[in-house]
Amino acid sequence: MENQEIILSVKDLEIKFDLRGQRLNAIRGVSLDLYKSESLAIVGESGSGKSVLVKSLMGLLDANGCISGGQILYGGQDLASFTNESQWLSVRGKEIAMVLQDPMTSLNPLKTIGAQIMEALTLHRGLAGAEAKAAAVEILRDVGIPEPERRAGQYPHEFSGGMRQRVVIAIAVACRPKILICDEPTTALDVTIQAQILHLLKDLKEKYDLTTVYITHDLGVVANVADRIAVMYAGDIVEIGTCEEVFYSPKHPYTWALLSSLPQLGVKGEDLYSIQGTPPNLFQPIAGDAFAPRNPQALKIDFVKRPPYFEVSPTHKARTWLLDPRAPKIDPPAHIQKLRGLRPLLDPELARLAEEGGMLHGE
């Protein structure tokens, strides 16, 4: 990663929301570099801050949310300093685009599919008339819509869920963005369609030279699409590394817990592993490691002082006191040892066969 170009850099980002007279600290000092042409997956439980983080990159925070500190550096600008919609329109769609998880709420039921794609082409690429229509049909063809000329004249309700998700992807790539954010892009789809959509996104990444960011809690998805993984908990990135490093050499106890929850690690006749407890209350200040109350291996210092990042390798770091040279040696849980024996989980050939067969690992 050292020689790769950084396309976007988040530095010490803080995001707060005002709710019922209280202030919620949704993002707590996140720093993250995104490299050109990579695929980054951001994983974590619901409420960990994944979607809030990526929405801040496009100025899509809810009205009661604000960036209260830090920077978002992109194209020589600090996006965190933008104060009006016209500034965001220079970036949103044309530079950074997003695919949301529910295509039915992303599409206008009163407009044809072709008209909605043409709208994006007109707004962001200046195309109009026959030129815009031809480009819309070509993009529909790129995303695997059969009979694109005819289908461009149809409405969203005439498409299946998988086809609607392809249309949403078509609208996003029509703008020719440099960064494509996919927020749970397969959650609402059945498993065979999930594999097809992931395969499509990987093909489009190569064709359009996209930098992709996946937001997901499905580690089976991560194994098939990511170059790097950032693990989020309680509004902070607690571990980041290559897919291989995070799957097979995780260092943070929360990453251990997430991976231990993989269904393929279950034993017949035994309950599946689940993470005990609940995430912390982000309305209150957090002392120490936010995961400490749920961590059976927590040290005393975990409840007192927030750990810094410790570097495991040039591409891998984790925010845990267990990596401090003075800390006692604590081995990962047995589930993680077992995971190391399932290295084919990330095997490219198996991933290819899974896609062609319409299945995902672990499903």
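Ser260 touches Leu265, Tyr273, Pro333, His335 and Ile336, leaving out residues up to four places away in sequence; contact here means heavy atoms within 4.5 Å. The structure is a predicted model, in which local features need pLDDT of at least 70 and side-chain atom pairs count only at pLDDT 80 or more, while totals for chains, interfaces and linings use all residues. Residues are numbered from 1 along each chain as its sequence is written, and side-chain values use heavy atoms, with hydrogens and water left out.

Ser260 is placed in helix H11. Helices (H or I, at least four residues) and strands (E, at least two) are DSSP runs, numbered from the N terminus. Ser260 counts as buried because its relative accessibility is 3%, where buried means under 20% relative accessible area, exposed over 50%, and partly exposed in between (1.4 Å probe, protein chains only). A polar atom of the Ser260 side chain lies 2.8 Å from the backbone oxygen of Trp256. A polar contact is a pair of N or O atoms within 3.5 Å; within protein, one must be able to donate a hydrogen and the other to accept it, and residues adjacent in sequence count only if both atoms are side-chain atoms. Helix H11 is mostly covered, with 8 of its 8 residues buried. The buried residues of H11 are Pro253, Tyr254, Thr255, Trp256, Ala257, Leu258, Leu259 and Ser260.

The loop between S12 and H12 holds Thr320, which counts as buried at 2% relative accessibility. A polar atom of the Thr320 side chain is 3.2 Å from the backbone nitrogen of Leu322. With neighbours within four places in sequence left aside, Thr320 is in contact with Lys251, His252, Pro253, Pro307, Pro308 and Phe310.

In the largest nonpolar core, Leu8 and Phe247 touch the most other members out of 106 residues. Helix H7 (residues 161-174) gives the most to this core, with 8 residues. A nonpolar core is a set of buried Ala, Val, Leu, Ile, Met, Phe, Trp, Tyr and Cys residues joined through side-chain atoms within 4.5 Å. In soluble globular proteins, nonpolar side chains tend to be buried together.

On the surface, Ile301, Phe303 and Val304 form a nonpolar patch with about 280 Å² of accessible area together. Patches are made of residues with over 30% relative accessible area and no salt bridge, like charges being joined within 9 Å and nonpolar side chains (Val, Leu, Ile, Met, Phe, Trp, Tyr) within 5 Å. Accessible areas come from the Shrake-Rupley method with a 1.4 Å probe; for residues, only the protein chains shown count as cover. Val304 lies in the loop between helix H11 (253-260) and strand S11 (310-313), and Val304 counts as exposed at 62% relative accessibility.

A salt bridge is a side-chain nitrogen of Lys or Arg within 4 Å of a carboxyl oxygen of Asp or Glu, and the count by this rule comes to 16 salt bridges. One of them joins Glu38 and Arg228, with the closest N and O atoms 2.8 Å apart. This pair links distant parts of the chain, 190 residues apart: Glu38 is in the loop between strand S2 (22-35) and strand S3 (39-43), and Arg228 is in strand S9 (residues 228-233). Glu38 and Arg228 are both buried. Another salt bridge is formed by Arg319 with Asp236, the closest N and O atoms being 2.9 Å apart. Arg319 lies in the loop between strand S12 (316-318) and helix H12 (334-340) and Asp236 in strand S10 (residues 236-242), so the pair ties together parts that are 83 residues apart in sequence. Both Arg319 and Asp236 are buried. The side chains of Asp324 and Arg326 also meet in a salt bridge (2.9 Å, N to O); Asp324 is buried, with a relative accessible area of 9%, whereas Arg326 is exposed, at 73%. A network of salt bridges links Glu138, Arg141 and Glu149.

Ser37 is found in the loop between S2 and S3 and counts as partly exposed at 26% relative accessibility. Asp209 is in the loop between helix H8 (191-208) and strand S8 (211-216) and is partly exposed, with a relative accessible area of 41%.
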